[in-house]
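Please look over the model shown here. The report that goes with it is arranged by topic.

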4 protein chains.
Amino acid sequence: MTEFHGVIPPVVIARHEDGTFDEESTTKNLNRLLEAGVDGLFILGSSGEGAFVTDTERDQVVKNAIAVAGGKVPVLVGCIDTQTSRVIEHIKHAEAAGADGIVATAPFYALGGLPQVERHFRLLHEATSLPIFAYDIPVCVHVKLPPELLIKLGKDGVLAGVKDSSGDDVSFRFLTQLNEEAGHPLRLFTGHEVVVDGAYLSGADGSVPGLGNVDPWGYVRQWQAYQKGDWETVRAEQDRLARLMRITSVATSITGFGGGVGAFKQALKLQGIFASARMPEPVAELTEEEVAKIREILSAEGVL
Amino acid sequence: MTEFHGVIPPVVIARHEDGTFDEESTTKNLNRLLEAGVDGLFILGSSGEGAFVTDTERDQVVKNAIAVAGGKVPVLVGCIDTQTSRVIEHIKHAEAAGADGIVATAPFYALGGLPQVERHFRLLHEATSLPIFAYDIPVCVHVKLPPELLIKLGKDGVLAGVKDSSGDDVSFRFLTQLNEEAGHPLRLFTGHEVVVDGAYLSGADGSVPGLGNVDPWGYVRQWQAYQKGDWETVRAEQDRLARLMRITSVATSITGFGGGVGAFKQALKLQGIFASARMPEPVAELTEEEVAKIREILSAEGVL
Amino acid sequence: MTEFHGVIPPVVIARHEDGTFDEESTTKNLNRLLEAGVDGLFILGSSGEGAFVTDTERDQVVKNAIAVAGGKVPVLVGCIDTQTSRVIEHIKHAEAAGADGIVATAPFYALGGLPQVERHFRLLHEATSLPIFAYDIPVCVHVKLPPELLIKLGKDGVLAGVKDSSGDDVSFRFLTQLNEEAGHPLRLFTGHEVVVDGAYLSGADGSVPGLGNVDPWGYVRQWQAYQKGDWETVRAEQDRLARLMRITSVATSITGFGGGVGAFKQALKLQGIFASARMPEPVAELTEEEVAKIREILSAEGVL
Amino acid sequence: MTEFHGVIPPVVIARHEDGTFDEESTTKNLNRLLEAGVDGLFILGSSGEGAFVTDTERDQVVKNAIAVAGGKVPVLVGCIDTQTSRVIEHIKHAEAAGADGIVATAPFYALGGLPQVERHFRLLHEATSLPIFAYDIPVCVHVKLPPELLIKLGKDGVLAGVKDSSGDDVSFRFLTQLNEEAGHPLRLFTGHEVVVDGAYLSGADGSVPGLGNVDPWGYVRQWQAYQKGDWETVRAEQDRLARLMRITSVATSITGFGGGVGAFKQALKLQGIFASARMPEPVAELTEEEVAKIREILSAEGVL
């Protein structure tokens, strides 16, 4: 089985001014990530517009990423949808396209309980031979995946790992600790780019930083320092990256996804990677004033 | 344009024991609703498994309902999906199949603000000539649609009406009042089957009661009494229906959708309409003990 | 025992410009309420600054209200505090001052479960012979009191009634129905001034409308119409009062308590009842522009 | 001015079996903390029953702690109450008793906005010359204190520091970073005992660990290792303490405060420090079975 560890950025995708998928710009981004030395690619996550793409776009994004990766690093495909049957359709598609693993959240929209969440992941596993990563993102799906359930699913071979975007570092510490005691059945990644150092201190197997699209080198250096136990470097890189992350706080014209991923897209445009910072509908782009602030921050942190 | 008013139940769909769509049982339910005198049909809403169906199932459900309705009453199709482009694909499908209107929620999963919600509905309107009903269901999409925004979209011809499942009767009163003052651009329906009488007192144009699958006659009689201003009958019917609604509270084995729609399906099976009470994955069926309690309530309220 | 029913407004209190309690203005308000024919007074509720008063102010407010009421109508005293022992101290004070009943919420700040909520009310009951009304206000205490628990406490003689400010009319309908089936152990009041008509349709024993400070006559007329089964009048009064309630939506300079109770205080000042619209710290007063809008609404609805 | 840094446990207080304050047991706990080398004491916080004590108990707890501390370490007094005037009364009391600083939350129960929160802290500051620590605990007061506001209040001399119990490590990282850039006006403490190591990596000035009542030596050793930059020891101590923290997860008979502080009290009783594990009303004690599990964990981690 593919080994998963290290820095696996959730890839931000580019769109042309008319809103259609921009393969060329997206490829540039993918290539830069690979050159910087990332350990994997995670496409169609929350930052990667997994909740926005049509089936046609999904096909374009998946095929392009797998082609560009060319087997050099594993490609994880986000299969984000409301309920089990729909997610399985996306999984089948990813499998056919040659994905190395899939990432799925708890079911959402219709309300259920933890037994439904557990059954959901078991059914996904029955439907595929690909490794499945649970995506713990309560801000989007409004349920927190408890460490005990994750460990149980890891021991049963249902889950291969977890992408933790829960914002709950206490729970993450319990999870890493229980995972060690269980023989490390799960590969554990943090999605919080501002406190990756703390997650490494907790024993994370890697990170999935959205900001890694803007500065992949920083996260790769941080991972290498962590491998050597060089905590002062881990921490110093984090401090710099936390300052860079302020680009996601400049927006006042828009909240949520548009402010965060919108900032990443503007940064990629300023860096010459993306031709356009076009967002998926119904999300607006940042204003010129906001873009000016992003430019300042990028300059100050040396990534422009 | 089609006129929308009165009782428009969110149609519960049947599945075979193997989980596939049961057209025969669903048709029985649709025919019973029509015989009882409902004023329209709403398919693929939250109760109608709009968040669970695959594209294939969606096609089956839509075509069957439109065929059974046969133009006698309008058919509204729920187009529930995460973001604008995906919703538009469902709208195009509904339009092609001959729907009389569509029902759509605010975007969900990815976080945004009210300007995104507004743009979302405007884009849906640009994509179709069908009347659009906004589905206000914060418990599922985690945003409440403000009355002011709804009225604005109504006056601009973007929205034809609202299905209010917000649980916020204060907001609904303000909405009905603002709607009157604006010349009644919106048709306003309550989705709360237990307090339809209060919504009628507030001036609602109709109701979309999930419980209407189990007792359509009660809601039809209540609507007729409302048309005559016979409030004591409106209230008495409501009291009986509220007691009947307790079937949705018997579940302790499961929470949320499974307890509510699960109870409706069990009732339809007990009434001989559905061959099976099979739920969509990953939702479990109610236990025998719970079904026994449902049977008792149905008997006590005279609908078995 | 005192009988509780009808219109029992949560009394808004006046403060001098320096922030101290203004007995004269408050007395004017109390007298106007009594002249309008209200059936009781509820002091130190959420609108009555129960969470803001010092012990000294509490004493002033309670003694004054009981003196002004003079036994003509019952006086309910809000005993709002974080946990059981503190609430009991307020109850003892109210009892000594001659209150006719007390109103208490579930415990708050420290987190607990329903068994703690139940024990809390049982301990309050053990500490006093006064009738206790449960104040169901999840927006402030972050727990919803379930109908089943309330009925149980009613049947056990622990609770005399409920002031429902939960915003959950479905739950309120179940509560009124279960209460009837149990022999009406609880007196049930709605705190939602915009949909009192719906609560009456559900069988409420009365209302506790904050807006009743501004227009007590309307709520009294509505209650009387309800007693006669004259639903069209009940509804027409409600429509007018709902328009008047828009004074609580004019604020953009402040949110929450300051926008709602702040509007009531400004209205009382405009009506010549209060000398000042001073709010308790740290709450700011509304702006002149906002006050101008309140004046317009009061004029339009004929209460200025 | 007193310097605040290092380990400042939120002191758990003891009660006799009849529920009254147990000064002797509480003194034993305080003395053990001092012997272990803690850098300060925080009394009447959330764990210290600040929301439960009557005025009489408050007086007992404050006087005893200040007497036992004897000036060896600073004593911070929690002044937890709903709104400004009430909090100021507690501050005046703490000041008179000789406290070295006070800790206060945002106002709660009545809803407001950030301008009210800011004004609240400014008014507290005007009322006292003691250093004020903002207690950021959204789980109890339902508002998160934004880093920008805290820094502003720090620069203005209103706040001396922050006790962060927000569970938001991303926000805490931004806070520590902004604080450095502003010249370190605030002393920043984490209240999350399971991830103190991550907070130290973020640059925290110390910790306020409830679990420090059960194992003060561990947190003191961890602090000393942090001072030396010995991250592996910081991390190893944390791993052990995280395992010990599992005593707060054994409860199934009770949730929230009762499960957490209840476990600390049972541990202190098992360690021979407390005569009783009595909780404040309306909170129940843990069951014998749960206590047996706590005993096992304490033994396994070598603190029994």
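The sections below cover confidence, chain arrangement, annotated residues, helix packing and backbone geometry.

## Confidence

This is a predicted model. The predictor assigns the complex an ipTM of 0.97 and a pTM of 0.97. Chain A has a mean pLDDT of 97. In that chain, 100% of the residues reach 70 or more.

## Arrangement of the chains

A turn of 180 degrees and a shift of 0.0 Å along the axis put chain B on chain A, at an RMSD of 0.0 Å. Of the contact residues of chain B, 100% recur in chain A, and the same surface serves both copies. Two other pairs do not touch. Chain A and chain C share no contact, and their closest C-alpha atoms are 17 Å apart. Chain B and chain D are also without contact, with their nearest C-alpha atoms 17 Å apart.

## Annotated residues in chain A

An unreviewed UniProt entry carries the annotation "active site" for Tyr135(A) and Lys163(A). These positions span 29 residues in sequence, yet no two of their C-alpha atoms are more than 4.8 Å apart, so they gather at one spot. Tyr135(A) sits in strand β5 of chain A, residues 132–136.

## Helix packing

Two packed helices are described by the angle between their axes and the distance between the axes. In chain C, helix α1 (residues 23–36) packs on helix α2 (residues 55–69) at an angle of about 40 degrees. Their axes are 10 Å apart. The crossing of α1(C) and α2(C) is right-handed. From α1(C), the contact uses Glu23(C), Thr26(C), Thr27(C), Leu30(C), Asn31(C) and Leu34(C). From α2(C) come Asn64(C), Ala65(C), Val68(C) and Ala69(C). By class, the residues of this contact are 5 nonpolar, 4 polar and 1 charged.

In chain D, consider helix α2 (residues 55–69) and helix α3 (residues 84–97). Their axes come within 10 Å and cross at roughly 35 degrees. The crossing of α2(D) and α3(D) is right-handed. On the α2(D) side are Asp55(D), Arg58(D), Asp59(D), Val62(D) and Ile66(D). They meet His90(D), His93(D) and Ala97(D) of α3(D). This contact of α2(D) with α3(D) has 3 nonpolar, 2 polar and 3 charged residues.

## Backbone geometry

Which peptide bond in chain D is cis? The bond from Glu281(D) to Pro282(D) is cis, with omega near 5 degrees. Pro282(D) belongs to the loop between α11 (257–270) and α12 (288–300) of chain D. In chain A, a cis peptide bond links Glu281(A) and Pro282(A), with omega about 10 degrees. Pro282(A) is in the loop between α11 (257–270) and α12 (288–300) of chain A.

Tyr109(B) is not a glycine, yet has a positive phi of about 75 degrees. Tyr109(B) lies in the loop that runs between β4 (101–105) and α4 (114–126) of chain B.

Definitions and conventions: Residues are numbered from 1 along each chain as its sequence is written. Chains are lettered from A and ligands numbered from 1 in the order in which they are written. This is a predicted model: local features need pLDDT of at least 70, side-chain atom pairs count only at pLDDT 80 or more; totals for chains, interfaces and linings use all residues. Side-chain values use heavy atoms; hydrogens and water are left out. pLDDT is the predictor's confidence in each residue, from 0 to 100. Contact means heavy atoms within 4.5 Å. Copies are superposed by least squares on the C-alpha atoms of residues with pLDDT of at least 70 in both. Axes are lines fitted to C-alpha atoms, for helices over the stretch in contact, and angles run from 0 to 180 degrees between N-to-C directions. Helices (H or I, at least four residues) and strands (E, at least two) are DSSP runs, numbered from the N terminus. A crossing is left-handed if the near helix is turned anticlockwise from the far one by less than a right angle, and right-handed if clockwise. Ala, Val, Leu, Ile, Met, Phe, Trp, Tyr, Cys and Pro count as nonpolar, Asp, Glu, Lys and Arg as charged, and the others, Gly among them, as polar. UniProt positions are given in the numbering used here, feature names are shortened, and annotations may be inferred rather than shown by experiment.
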